[in-house]
Amino acid sequence: MNHLIPELLEVEQLIETHNKHVRPELLGTVTTPKGDYPVMGLVMGSLDPHAPTCAFFAGVHGLERVGSHVLLSFLRTLFVKRAWDKDWERFFERNRLIALPVVNPAGFALNRRSNGRGVDLMRNAPVEAQGKLLPGVSGQRFSARLPWYRGAEGIELETQAVASFVEKYLFDARAAISIDLHSGFGMRDRLWYPWAKSADVFPHAPALERLMSLFEATYPYHVYKIEPQHHSYMTHGDLWDWLYMRQQEHHPSAAYLPLTLEMGSWLWVKKNPWQVFSANGLFNPVKQHRYARTMRRHLHLLEFLLRSVDSHHNWA
């Protein structure tokens, strides 16, 4: 396999360096003109199929590399903490963390938003939206040469890899939270939750509101706008709407809370307009001090979500 993607190389280094704590799972292999690339999942913690589980995903869109960097930064910090803070060992005896830092390696290799077949993986799930849709942006089936292409039919390998990973580790968990890290919309960092497909009330909104109230009490100066995704825009084929519905069919009494972090890259562009002339500059901080700030900015959120599955009886 050709692993000349820096983010994948770092995933491999984490696996090699921390093999005592990480169980790698090859979820699939994608082929591109530049080589073959693994869709690699990481599993840490309890082997109990019902253990409370937190799941982190990033790199769904190949141009939004900053999400993968934030996740990898968090994992590095976590491994350092595990080396000296033995409370984390006890935590992982009871709980589980799964992570997929690069969902779309073909997009990274080819430097484009879509996967290798031109499909936008956040428009690919079998979900039809209803309401005020944005032409094109909400998903289209006209051409893979246009943005936001949903695919002609069926689901892509990467979509299935995420679905299988989630089904294996979250569907039967006593408590389950996932967060998917993106960038590119607006000038504020947003925490989105379902629905993206409609303006209906999310069935587990009360549990999520209790969790977010706890987060706001813990971090009263946080930077996030917390809202259902449809407050910003609706989309067909949303991956997390689909997986939530599948999980509820499987285990309707369990509360699975899927979140999306949308880092507001428009602010980076506003502060450094020249980066608009780079495809990566539209979605990632270019200036080193902004990049470093972004790497720090979200660590408390990810640790809060991870800790919260262990204390789910206090809010769920």
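In what order do the 8 strands of the open sheet come, and what kind of pairing do they have?

Reply: This is a predicted model, in which local features need pLDDT of at least 70 and side-chain atom pairs pLDDT 80 or more, while totals for chains, interfaces and linings use all residues. Residues are numbered from 1 along each chain as its sequence is written, and side-chain values use heavy atoms, without hydrogens or water.

The order across the open sheet is β1-β2-β4-β3-β5-β8-β6-β7, and the pairing is mixed (strands are DSSP E runs of at least two residues, helices H or I runs of at least four; a pair needs at least two bridges). At the edges are β1 (23–32) and β7 (224–228), each of which pairs on one side only. From one strand to the next, the twist averages 20° (angles, between N-to-C directions of lines fitted to C-alpha atoms, run from 0 to 180 degrees).

Towards the β7 end of that order, β8 stands between β5 and β6. Strand β6, residues 189–193, pairs with β8 in the antiparallel sense, over 3 bridges.

The largest pocket holds about 570 Å³ of space (a pocket is an open set of points on a 1 Å grid where a 1.4 Å probe fits, with protein on both sides within 12 Å along at least five of seven lines; lining residues have an atom within 4 Å of a point). Its lining has 29 residues, and H61, R113, D120, R123 and W148 are the closest to the centre. Two strands of the sheet, β5 (176–183) and β8 (256–263), are the elements that give two or more residues to this lining. By class, the lining of the largest pocket has 13 nonpolar, 9 polar and 7 charged residues.

The second largest pocket, with about 190 Å³ of space, is lined by 14 residues, of which D189, L267, W268, T294 and R297 are the closest to its centre. Here the elements that give two or more residues are helices, α8 (265–271) and α9 (288–297). The largest share, 4 residues, comes from α9. The classes in this lining are 5 nonpolar, 3 polar and 6 charged.

Technical notes
Grid points are joined across faces, edges and corners, and a volume is the space filled by probe spheres set on the points. Ala, Val, Leu, Ile, Met, Phe, Trp, Tyr, Cys and Pro count as nonpolar, Asp, Glu, Lys and Arg as charged, and the others, Gly among them, as polar.
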